[in-house]
There are 2 protein chains.
Amino acid sequence: MSQNHSDHTLPLNGVRVLDLTTMVSGPIATMLLAEQGADVIKIESPTGDYMRQVGTEHKGMTSSFLTCNRGKRSMCVDIKQPKGLELVLELAKNADVLVQNFRPGVIERMGLGEDAVRALKPDIIYMSISGFGKTGPQAHQRVYDPVIQALSGLADVQRDQLSGVPRMVRTIICDKTTALTAAHAITTALFHRERTGEGQTMDLAMLDTMVSFLWPETMGSLSFVGKEQDPAHSQKSPDLVFKTVDGYITAGANSNSEWEGMCNALNRQDLICDPRFKTAQARSKNISQRRQIMSDEIATWMSKEILERFDSAGVAYIVDNNIINVIDDETLGEVRVPRPPVQYSGELPRITTLAPFQGANNRELMLELGYKDSEINQYVQDQILHQRNAGN
Amino acid sequence: MSQNHSDHTLPLNGVRVLDLTTMVSGPIATMLLAEQGADVIKIESPTGDYMRQVGTEHKGMTSSFLTCNRGKRSMCVDIKQPKGLELVLELAKNADVLVQNFRPGVIERMGLGEDAVRALKPDIIYMSISGFGKTGPQAHQRVYDPVIQALSGLADVQRDQLSGVPRMVRTIICDKTTALTAAHAITTALFHRERTGEGQTMDLAMLDTMVSFLWPETMGSLSFVGKEQDPAHSQKSPDLVFKTVDGYITAGANSNSEWEGMCNALNRQDLICDPRFKTAQARSKNISQRRQIMSDEIATWMSKEILERFDSAGVAYIVDNNIINVIDDETLGEVRVPRPPVQYSGELPRITTLAPFQGANNRELMLELGYKDSEINQYVQDQILHQRNAGN
């Protein structure tokens with residue numbers, strides 16, 4: 001498997017990330033850095049990342065691990081042995097960034113806390129991801145995505161409109177939004193270090209991430225103290241999903257010209273100057289009536305007909321735009337991966353790597369650290385270094 | 001209102017962003033840069049950003065505009081007049097980044113396309129955000145968040161489990177995920193320019209963003225070509241929302257030790273060694289049975305009792321951790337804002353600014369460009385510069 005850290009065209013080329021994360025939020029954060037060209041070294045314990053055990057399995061690689069760890073190198077090392085810990089500290093010495101998402105206190109007990117690492121590499125960017133931050137009554141708690149969905153208010157926003165039962169968003173939005181936020185913060189810190197020479201210690205809590213993410217339209221009505229409006233109010237309106245004669249479509253109109261276009265498409269020109277809907281504020285105020293009228297009208301059309309009238313988009317697009325690439329891997333065969341969404345002019349970031357098998361890069365990383373083959377063999381024999389190869 | 005571009009402690013301090021975006025995806029992207037210290041100059045047309053017209057309104061500021069445009073400066077200028085366009089090009093000359101989210105082709109017609117801007121500022125980072133990218137059959141189309149929810153597959157993932165009716169996620173996840181992705185990409189480009197001196201032209205499509213965002217667990221079962229599994233399968237299981245005697249809770253267990261803890265909390269130690277649930281892979285395979293058993297057990301407890309047993313978190317946290325700040329603004333009074341989720345050691349990024357009124361910074365920006373007061377007055381008289389002050 002070729003590694004994208006040898007690709008000299010990507011913006012984070014030359015940046016080395018020591019990845020001490022497991023599960024989803026941390027691994028996706030560092031994967032985003034790898035996709036931008038960083039050399040991400042994932043440290044795994046002998047039992048391996050839990051994600052190696054879930055999802056569709058193919059020749060010893062699971063889809064869950066693959067989709068959160070593309071483009072990384074793996075070193076599988078027992079850090080409970082002093083010589084194992086020493087290896088990770090040696091890697092930290094050459095790293096620009098360290099990311100970890102253990103529960104607060106754990107990384108210090110492992111001997112890889114900020115103080116220990118910064119003593120060896122004073123300008124490192126040290127990022128800790130957690131559910132609730134370092135302090136507070138819940139800091140010690142195990143956290144999964146649904147807990148944050150519940151506590152951030154998202155499950156309430158998403159609740160069933162008739163029964164009031166809280167509902168989850170069916171993608172692990174809290175983990176993945178935290179990953180994006182972390183990747184962004186790490187990159188700003190890299191920029192800052194480039195200009196000033198200063199490292200940075202950063203903490204990111206999943207709950208903080210989601211409150212901030214949800215705020216703009218979901219909680220924004222709480223902005224003006226003393227003029228609060230119930231955030232649930234704007235969420236009470238039905239989804240922008242409309243039944244047609246033969247299926248479901250989505251459609252919406254915000255500006256005056258869009259509203260006019262929609263009225264024309266529905267042959268309801270009478271609504272254009274209707275005082276209930278004439279201005280953006282009026283449309284916002286009378287949103288339930290407006291949706292009911294739209295809903296009744298759209299229900300009389302075939303999907304294709306009305307979508308053509310709305311000039312809406314077809315699903316053919318995803319193939320058109322090559323967002324899904326197929327990589328022919330020598331071990332795994334053909335594997336689908338989404339390309340990074342940002343397109344650069346001139347040269348595209350090429351995805352050429354999948355995710356490493358556990359400990360796949362032990363030997364090359366040891367050689368980079370200056371160890372000789374005979375020494376490496378001793379580490380393997382002492383069960384400090386571990387490796388699991390592809391299965392069938 | 002003090003401006004955070006005078007705050008010298010933030011990582012993007014000294015970076016200037018020319019913000020030609022409206023609505024949500026672009027404005028939040030540049031707001032994230034402003035929160036990290038960038039000086040973001042929002043250019044508004046005389047009619048202003050559409051978001052100034054929606055949401056809760058208070059003294060001429062709407063919650064929708066406020067929550068997408070914190071920390072920016074506003075210049076309101078009629079670029080249909082040649083002297084207005086010239087002003088924006090002068091600002092571009094001093095900008096590190098330009099962000100725009102007009103539909104493909106529009107910015108070129110306005111005279112602010114990449115070629116025009118790069119001629120004046122060769123190393124600018126030029127970011128275009130769109131719904132479907134620059135090319136392809138849908139490139140010309142108006143796009144709102146629900147359209148991308150539908151096309152990316154999210155509305156299908158979220159569909160009603162009984163009726164199969166597609167459902168939307170009730171927060172504009174596509175707009176906001178695109179904003180985070182754009183902010184991250186811009187920052188990597190700033191880092192790259194710092195190291196190499198090279199600018200960058202970047203395009204980001206909302207649909208690409210969401211396919212990439214959803215991929216890890218939602219679409220990941222499509223990874224291995226020839227071994228595909230229906231992505232809907234893993235989404236068919238019920239939400240992790242459980243009814244208790246007096247309400248609803250969420251709870252989950254992944255690893256062996258967590259599963260054991262949950263069985264103990266529920267007084268169902270018999271399940272720990274049950275072959276259906278003993279390993280992660282078995283639990284993943286028998287997920288429906290497992291949820292049914294958990295659901296039945298949890299239904300016999302009071303929420304507080306069982307949550308204490310699960311050692312779960314209380315909502316008190318959000319106040320504890322100061323994620324919501326209250327700013328006392330001289331015009332708007334007390335206003336709630338979420339603080340940026342990333343916490344830096346030593347010094348916190350302080351939020352001291354809200355969002356600008358339309359054209360609030362016209363004069364100071366003109367003075368920075370070197371114009372004299374008398375000249376500025378002429379621009380105002382010629383209706384090239386516009387301004388709307390606070391209302392009551």
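**Loops, strands and the contact**

Author: Start with Met23(A), which lies in the loop between β1 (16-20) and α1 (25-35) of chain A. Keep in mind that this is a predicted model.

Reader: Is Met23(A) buried or exposed?
Author: Met23(A) is buried. It has 21 other C-beta atoms within 10 Å, and the cut-off for buried is 20 or more.

Reader: What about the phi of Met23(A)?
Author: Its phi is positive, about 65°. Met23(A) is not a glycine.

Reader: What is the phi of Gln383(A)?
Author: Gln383(A) also is not a glycine, and its phi is positive, about 55°. Gln383(A) sits in the segment after α17 (373-381) of chain A.

Reader: Buried or exposed, that Gln383(A)?
Author: Exposed. Gln383(A) has 11 other C-beta atoms within 10 Å. The exposed class takes 12 or fewer.

Reader: Let's zoom out. How many helices and strands are in chain A?
Author: Chain A has 17 helices and 13 strands. It has 392 residues, and 52% of them count as buried.

Reader: What box do the C-alpha atoms of chain A fill?
Author: Roughly 85 × 50 × 45 Å, taken along the principal axes.

Reader: How far apart in the chain are the contacting residues?
Author: Take the contacts in chain A with a separation of 6 or more. Residues 24 or more positions apart account for 68% of those.

Reader: Pick a strand. Why is β5(A) called largely enclosed?
Author: Because five of the five residues of β5(A) are buried, the rest of the structure largely encloses it.

Reader: Which residues of β5(A) are on which side?
Author: One side carries Lys72(A), Ser74(A) and Cys76(A). The other carries Arg73(A) and Met75(A). They are all buried, and both faces of β5(A) are covered.

Reader: Which strand does β5(A) pair with in the parallel sense over five bridges?
Author: Strand β2 (residues 39-44) of chain A. Within that pairing, Lys42(A) stands opposite Ser74(A) in β5(A).

Reader: And what is between β5 and α3 of chain A?
Author: A loop, and Gln81(A) is in it. Gln81(A) is partly exposed, with 15 other C-beta atoms within 10 Å. The C-alpha atoms of Gln81(A) and Ser223(A) are separated by 52 Å, and the two residues are 142 apart along the chain.

Reader: Over to chain B. How is strand β6 covered there?
Author: On both faces. Val97(B) and Val99(B) are on one side, Leu98(B) and Gln100(B) on the other, and all are buried.

Reader: Which strands run parallel to β6(B)?
Author: Strand β1 (residues 16-20) of chain B is joined to β6(B) by four bridges, running parallel. Four bridges also join β6(B) to strand β7 (residues 125-130) of chain B, again parallel.

Reader: Now helices. How long is α9 of chain B, end to end?
Author: Helix α9 (residues 206-219) of chain B has 14 residues, with its end C-alpha atoms only 17 Å apart. A straight helix would reach 20 Å at 1.5 Å a residue.

Reader: Where does α9(B) bend?
Author: At Phe213(B), by about 30°. A proline, Pro216(B), follows within four residues.

Reader: Buried or exposed, the residues of α9(B)?
Author: 14 of the 14 are buried, so the rest of the structure largely encloses this helix.

Reader: What about α9(A)?
Author: α9(A) bends by about 30° at Phe213(A), with Pro216(A) following within four residues. Its cover reads 14 of 14 residues buried.

Reader: How many residues does the contact between the chains take?
Author: 117 residues from chain A and 116 residues from chain B. On the side of chain A that touches chain B, helix α8 (residues 173-196) of chain A gives the largest share, 16 residues. That side divides into 59 nonpolar, 42 polar and 16 charged residues.

Definitions and conventions:
Residues numbered from 1 in each chain as written. Chains lettered and ligands numbered in written order. Predicted model: local features only at pLDDT ≥ 70, side-chain atom pairs only at ≥ 80, totals over all residues. Contact = placed C-beta atoms within 7 Å. Helix = DSSP H or I, 4+ residues; strand = E, 2+ residues; numbered from the N terminus. Nonpolar A, V, L, I, M, F, W, Y, C, P; charged D, E, K, R; others polar. Expected span 1.5 Å × (residues − 1). Bend = angle between axes of the 7 residues up to and from the residue. Pairing = 2+ DSSP bridges.
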